[in-house]
Amino acid sequence: MDSRFVLLAHLGATWGMTGLIWFVQVVHYPLMQLVGREGFVEYSQKHQANTSLVVGPLMLIEVVTAALLLDQDAQLRVSWLFWASCGLLVVAWVSTAVWQIPLHQQLLAGYDEGHVRALVSSNWIRTIAWTGRGLIVAYLVWLRMRVS
């Protein structure tokens, strides 16, 4: 498989996650406070199920294309920028596993203002990580396309 195609797929998945995480950070999570206690458990259940349908494939494409690029592209394999972007991906995944998933699980029991606030504040880690990744990967694609 052509590494330029894989790099563009990587860019697309990364920027898909970057846009999505900014939407979640600025719009979606803060609006959880307005759902109300009555319907919050059902809302949380549907939120998790529906979000997984969008986030899961993007995160999978992102990690698979990163692995393919490390395997196929000697230039990226030695690029400190690409390794930095991979490090930011690890930060985003660890944040998801350590903070966001457990907080979402706790919210399945019902609305808790402290958990929602913790979700919003801890999500800045992912927002910054994916934004940094997006900028780095875009720069790497620009460098690659400029050379080709």
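This text walks through the structure from its overall layout down to single residues.

Start with the whole chain. The model is predicted. The protein has 148 residues, and buried residues make up 39% of them. Its secondary structure comes to five helices and zero strands. Read along the sequence, the pattern is α-α-α-α-α. The C-alpha trace spans about 55 × 25 × 20 Å along its principal axes.

Next, look at which parts of the sequence meet. Take the contacts with a separation of 6 or more. Of these, 80% join residues 24 or more positions apart. The helix pairs below show where some contacts lie.

Begin with H2 and H4. Helix H2 covers residues 40–72, and helix H4 covers residues 80–107. Their axes lie 12 Å apart, and the two helices pack at an angle of about 160 degrees. An angle over 145 degrees counts as roughly antiparallel. H2 and H4 are therefore roughly antiparallel to each other. Their crossing is left-handed. Which residues make this contact? On the H2 side they include Phe-40, Met-59, Val-63, Leu-69 and Leu-70. On the H4 side they include Phe-82, Trp-83, Leu-89, Trp-93 and Thr-96. By class, the contact of H2 with H4 has 12 nonpolar, six polar and one charged residues.

Helix H5 runs over residues 113–147. The axes of H4 and H5 come within 9 Å and cross at roughly 160 degrees. Again the cut-off is 145 degrees. H4 and H5 are therefore roughly antiparallel to each other. The crossing of H4 and H5 is left-handed. The residues of this contact divide into 21 nonpolar, 10 polar and two charged.

Zoom in on one residue, Thr-96. Thr-96 sits in helix H4. Is Thr-96 buried or exposed? Buried means under 20% relative accessible area. Thr-96 has 10% relative accessibility, so Thr-96 counts as buried. Thr-96 then touches Met-59, Ile-101, Pro-102 and Arg-126. Met-59 of H2 is also one of the residues in the contact between H2 and H4.

Go back to the start of the chain. Helix H1 covers residues 3–31, and Ser-3 lies in this helix. The relative accessible area of Ser-3 is 17%, so Ser-3 is buried. Which residues does Ser-3 touch, not counting those up to four places away in sequence? They are Leu-69, Gln-72, Asp-73 and Arg-144.

Finish with Arg-146. Arg-146 is placed in helix H5. Exposed means over 50% relative accessible area. Arg-146 has 54%, so Arg-146 is exposed. Arg-146 and Thr-18 are 128 residues apart along the chain. Their C-alpha atoms are separated by 24 Å.

Conventions:
Residues numbered from 1 in each chain as written. Predicted model: local features only at pLDDT ≥ 70, side-chain atom pairs only at ≥ 80, totals over all residues. Heavy atoms only, no water. Axes fitted to C-alpha atoms, helices over the stretch in contact; angles between N-to-C directions. Helix = DSSP H or I, 4+ residues; strand = E, 2+ residues; numbered from the N terminus. Parallel < 35°, antiparallel > 145°, perpendicular 65-115°, else oblique. Left-handed = near helix turned anticlockwise from the far one by under 90°. Contact = heavy atoms within 4.5 Å. Nonpolar A, V, L, I, M, F, W, Y, C, P; charged D, E, K, R; others polar. Buried < 20%, exposed > 50% of the residue type's maximum accessible area, 1.4 Å probe, protein only.
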